[in-house]
Amino acid sequence: MEPTQVHLDAKQIRVLAHPLRARLLGRLRMDGPATATRLAAALGTNTGATSYHLRQLADVGLVAEQEGAGRGRERWWRAAHDYSSWQRDAFAGDPDATAAADWLDSYALRRFVEETERWRRARPDASPAWRAAAGFSDYFVNLGTEQLGALTAELGTVIERYRVLGETEPGPDARQVLLYLYAVPRADPS
């Protein structure tokens, strides 16, 4: 199935730039549909706050009720899209949306560090095959803006090819893998 992506608009980014909302959307994307009660337990919060913030996300189209799930008053929620993207410059002239984009950039980087540290701690207990397959790399290249855009697009194509492969022909030891791509110019070191 083709993944869906939302390019966040100003209202969506302002709503998503909240610690619990960002965590709720991330959990629904990673683990699939869940109730507010299950999400509250998983995230260490209360059901009332979780329900409120799920409704806020639903109001801007980032989450939706899972049709046909649940019994009685039980509401199951799902992420409305597989991925979110945003361009800070799209919010020029809207200081609140710009601040929200900055917050989300920082949040995503913190999540990357947290997930990487979680793997680093779990790595000694992982199988030798997983320890060999997983890794960290950094590269330093001199590129212009068009070249960097082409590089990230090409890497996106490679990632998509492997995403499809993982869905259609998963390996016998397949599991969810977190792959982060940060391609940023080096800031002036002064």
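Here are questions and answers on a predicted model, in which local features need pLDDT of at least 70, side-chain atom pairs count only at pLDDT 80 or more, and totals for chains, interfaces and linings use all residues. Residues are numbered from 1 along each chain as its sequence is written, and side-chain values use heavy atoms, leaving out hydrogens and water.

Colleague: Which residues of H4 are buried?
Modeller: Buried means under 20% relative accessible area, exposed over 50%, and partly exposed in between (1.4 Å probe, protein chains only). In H4, the residues that count as buried are Thr50, Ser51, His53, Leu54 and Leu57.

Colleague: Is Glu115 buried or exposed?
Modeller: Glu115 lies in helix H5, residues 95-122. Its relative accessible area is 13%, so Glu115 is buried.

Colleague: Which side chain does a polar contact join to Glu115?
Modeller: A polar contact is a pair of N or O atoms within 3.5 Å; within protein, one must be able to donate a hydrogen and the other to accept it, and residues adjacent in sequence count only if both atoms are side-chain atoms. At 2.6 Å, the partner of Glu115 is Arg111.

Colleague: Is Leu179 buried or exposed?
Modeller: Leu179 is placed in the segment after helix H7 (145-168). Its relative accessibility is 61%, so Leu179 counts as exposed.

Notes. Helix = DSSP H or I, 4+ residues; strand = E, 2+ residues; numbered from the N terminus.
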